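Me: I'd like to learn how to read the fold of a protein model. Can you walk me through one?

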Amino acid sequence: MKLAALTTLLMLTVLGSAGAETFRNAVNLYGGELTANHWEEFFNPTRELDFQGTHLAAVTLARNIGSYRQKIAFEVEGQIVRHFDEQDHWEFNLLAAARWEEFPWDRHVDTSVAFGLGPSWASEKPPTEIKNEGDTEQLLVYWMLEFAFSLPKRPHWAFITRIHHRSEAYGLVADRGGSNALAVGIKYRY
């Protein structure tokens with residue numbers, strides 16, 4: 001938690017405000033399904049995904065707080081997540097993120113990739129995390145990896161896909177726990 005606050009303060013102090021062409025805010029709506037897979041397995045095409053039959057729906061509000069050479073945008077994001085089906089609880093995440101903005105094909109499909117990290121609090125110990133990991137805690141570390149795609153003529157709207165990950169951070173905040181979900185949704189930038 002201290003690392004996320006320190007990172008955000010550093011970004012605000014050193015980088016200043018975002019450029020005029022950059023949207024300052026974004027709202028994301030996405031949904032996904034939890035898996036029993038570890039996040040690394042999402043990138044192995046020979047590995048089957050083991051979906052758990054439990055879902056999440058999230059709404060997030062992100063704020064652009066600066067940029068570096070108009071290639072990397074820095075953001076803070078707050079999330080409210082509702083789990084349903086096999087789980088029935090709330091999750092709240094606060095993160096700092098960096099977004100790579102420049103790809104050679106952007107004039108055809110504007111693409112960005114973001115990674116964010118921060119604290120995650122669940123309103124109860126998530127049952128799926130207990131089932132998959134043996135135990136968990138309400139407070140864990142959260143990170144996300146997001147790919148966003150928009151049409152250059154419709155820059156306010158984007159299709160997003162995310163890895164939604166809660167983690168014990170290799171024993172830093174808990175002995176066990178964590179979950180992974182694959183999610184898709186939409187982003188509205190303004």
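Me: In what order do the elements of the protein run from the N terminus on?
Reply: They go α-β-β-β-β-β-α-β-β-β, which comes to two helices and eight strands. Helices (H or I, at least four residues) and strands (E, at least two) are DSSP runs, numbered from the N terminus. This is a predicted model, where local features need pLDDT of at least 70, side-chain atom pairs count only at pLDDT 80 or more, and totals for chains, interfaces and linings use all residues. Residues are numbered from 1 along each chain as its sequence is written, and side-chain values use heavy atoms, leaving out hydrogens and water.

Me: How do strands of a sheet pair?
Reply: Through backbone hydrogen bonds, either parallel or antiparallel. Two strands count as paired if DSSP finds at least two bridges between them. Here, β3 (residues 72-85) and β4 (residues 89-100) run antiparallel, joined by twelve bridges, and a hairpin of three residues links β3 to β4. Val81 has Glu91 in β4 as its bridge partner.

Me: Which strand does β4 pair with over eight bridges?
Reply: That's β5 (residues 110-122), again in the antiparallel sense, with Ala98 opposite Phe115 in β5.

Me: What do the eight strands close into?
Reply: A barrel, ordered β1-β2-β3-β4-β5-β6-β7-β8, with antiparallel pairing.

Me: What share of the 190 residues is buried?
Reply: Buried means under 20% relative accessible area, exposed over 50%, partly exposed in between (1.4 Å probe, protein chains only). Buried residues make up 44% of this protein.
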